[in-house]
Amino acid sequence: MKFECKDLDYVLRRQEPESLKALEAHAENCAACREQLRLWNEISAAATCMKKSWDTPQLWPRIHQALVSEMQEDTFRRERFPSKHKVQFLSQLEVLLANWRTAAAALALLLISLSSAWVLLRTPAPPSVPKPPSSEKRLLTEQTLREVESAEDAYLRSIEKLSKLVQSRIDQPTSPLLVSYREKLTLIDAAIDDCRANIAQNRFNTHLRMELLSMYQEKQRTLQELVKEE
Amino acid sequence: MLSLQQTIKEIPLSTRKNPDFPLNAERDLVEACRSGSLAAFEQLYEAHGARMKSIALNLLGNISDAEDAVQESFLKVYRSIGNFRSQSAVSTWICRILLNVCYDLRRKRQRRQQTPGLGPDPEWGGSADAADHPLRLTLEKSLSRLHPRTRAVFLLFEVEGFKHSEIAEILEIPEGTSKSLLFEAKQELRRLLFKSQREGRLNAT
C-alpha cells in the first residue's frame, strides 16, 4: 500500500492494521510524519500512566454507612408511607368510594323526591279558598268607587246649579267676555264628555277620575267667575 | 428476600474482606444487591471501586471529590438497581452512573468556585514516579481543555482500557462516534503537546 503524508490523519482515524504498517514504513523516511506518529504513540503511553490508584481504607466504611442509612430511610419510608402500588390502589379505592358516594346520594335524592310526590298525591286537597276579587287588588275598590261616584254626582249637581244661574247670560252673551266664557265652558264640557267616555270603559282608573275632578273644578271656577261678573 | 435488620446482622462490617456470600456470576451479584445485601455491594466495590476512583479523579482532578463521587455512585446504584435489566454489563452501567455523578459534582463545584480548573490535583501532587511518563503532566493539563465527552472517551479508552463497544454503552453513543471522538481527542492532544514541546524548546534556547 502506497502511503502519502496527507493520509496520516485518515490512517490514524481508521486504525486499520495494514494502513498503520504502511504509515510506520513511510515514517522511517519522513521526519514530519515520524514526529507526528511518535507524539501519537506517546499520548497513548502517557495515558496509561494516568491511571490513578491510592489507598482509601476509609472509603468502603463510608459507603457502607451511607448505604445503611439509605436502607434505614427506605424502611422508614415504607413503614410510614405506602408504596407506589399501595398508593395507586388507595387512589383507585378512593375513586370507587367517591363514585359510590355519588351513587348513594343520587339514590337518596330520588327516594326523597318519590316519597314527597307520594305524600302530596295522597293528602286531600285543602278546601279551596275563594280568590279575592280582582277589584280588591285595585286602588279603588267597588265600594270606594261607589262613594267616589256619588260624591261626583253631588259635585256635578252643585256645578249644574251654578250653571243654571248663568245659563241665560251664556246662551245670549252681551259682551265679548261672555262669548269667551261660553267658548271656554263649551271646551270644558267637551273635555268632560271625553273623559267620562274614557272612564266608562275603565271605571277603576284613578288617573282619569282625578283628571275629571280637575275639569269639574275648572268649570266650577269659570262659572263662579261668571257669577261674580254680574 | 433479606430484611434490612437481617442483612446488617448477618453481614457485619468485619467480614467485608472475605464475604461469605457465594456470588460468582454478575447476575447473582446484581440479584443480591437488589435484595439489599451489603456484602454484595461490597463485592461490587471490590470489583469496580479502584477503576471508579481513577475515572473520578481524572474527571474531577480532586481526591476528595473523586471519593465523594464514588460514594454517591454507590448510593445511586443502590437506588436504581431495581431498574437494572442486565442488558448491559454491570461495569458499564456503574461507569455510566459514575460519569453522571462526576458531571453533576463538577457543575456544582464550578457554580461554587467559578473556576473550571480541571488540571492535576495539588493534593495528588502530580509527582512523577519511576513508572511515570514525562508527558503525563502535560497530557493531564491538555486534557482539561477538551470537551467533556471527548475527554471521557479518551480516558475510558486510553487510560481505563475500555473497548469502543463498552464506551458506546457507557456514553450511549454509537461505536463509530466513540472512535471518532477518540481520534479527535488524540489529534487535539497531539497538537497541544507539539505546541507545548516547541515552546519548551524555545524557552530552553
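Guide: The account below takes the helix pairs in turn and then moves to the chain contact and the salt bridges. The model is predicted, and the values given here are computed from it. Two packed helices are described by the angle between their axes and the distance between the axes.

The description begins with helix α2 (residues 26–34) of chain B and helix α3 (residues 38–60) of chain B, which pack at an angle of about 130° with their axes 7 Å apart. On the α2(B) side the contact is made by Leu29(B), Ala32(B) and Cys33(B), and on the α3(B) side by Ala40(B), Phe41(B), Gln43(B) and Leu44(B). Sorted by class, the contact of α2(B) with α3(B) comprises six nonpolar residues, one polar residue and no charged residues.

Helix α3(B) also packs against helix α7 (residues 148–159) of chain B, at an angle of about 140° and with the axes 11 Å apart. The two helices, α3(B) and α7(B), are therefore oblique to each other. Here α3(B) passes α7(B) in a right-handed crossing. Ile55(B), Asn58(B) and Leu59(B) of α3(B) make this contact with Arg151(B), Leu155(B), Leu156(B) and Val159(B) of α7(B). The residues of the contact of α3(B) with α7(B) divide into five nonpolar, one polar and one charged.

A further pair in chain B joins helix α6 (residues 136–143) to helix α9 (residues 175–204), at an angle of about 125° and with the axes 10 Å apart. That angle makes α6(B) oblique to α9(B), and α6(B) passes α9(B) in a right-handed crossing. From α6(B), the residues Thr138(B), Leu139(B), Ser142(B) and Leu143(B) meet Leu189(B), Leu192(B), Leu193(B) and Ser196(B) of α9(B). By class, the contact of α6(B) with α9(B) has five nonpolar, three polar and no charged residues.

The contact takes 49 residues from chain B and 38 residues from chain A. Across the interface of chain B and chain A there are six salt bridges. A salt bridge also joins the side chains of Glu67(B) and Arg62(A), at 3.6 Å from N to O.

Over all chains, the structure holds 25 salt bridges. One of them links Glu35(A) with Arg38(A), whose closest N and O atoms are 2.7 Å apart. Because Glu35(A) and Arg38(A) are three residues apart in helix α3 (residues 31–48) of chain A, they are separated by about one helical turn.

Leu156(A) lies in helix α7 (residues 142–171) of chain A. Leaving aside residues up to four places away in sequence, Leu156(A) touches Arg196(A) and Tyr216(A). Leu156(A) and Tyr216(A) are 60 residues apart in sequence and 7.5 Å apart in space, C-alpha to C-alpha.

Conventions: Residues numbered from 1 in each chain as written. Chains lettered and ligands numbered in written order. Predicted model: local features only at pLDDT ≥ 70, side-chain atom pairs only at ≥ 80, totals over all residues. Heavy atoms only, no water. Axes fitted to C-alpha atoms, helices over the stretch in contact; angles between N-to-C directions. Helix = DSSP H or I, 4+ residues; strand = E, 2+ residues; numbered from the N terminus. Parallel < 35°, antiparallel > 145°, perpendicular 65-115°, else oblique. Left-handed = near helix turned anticlockwise from the far one by under 90°. Contact = heavy atoms within 4.5 Å. Nonpolar A, V, L, I, M, F, W, Y, C, P; charged D, E, K, R; others polar. Salt bridge = Lys/Arg side-chain N within 4 Å of Asp/Glu carboxyl O.
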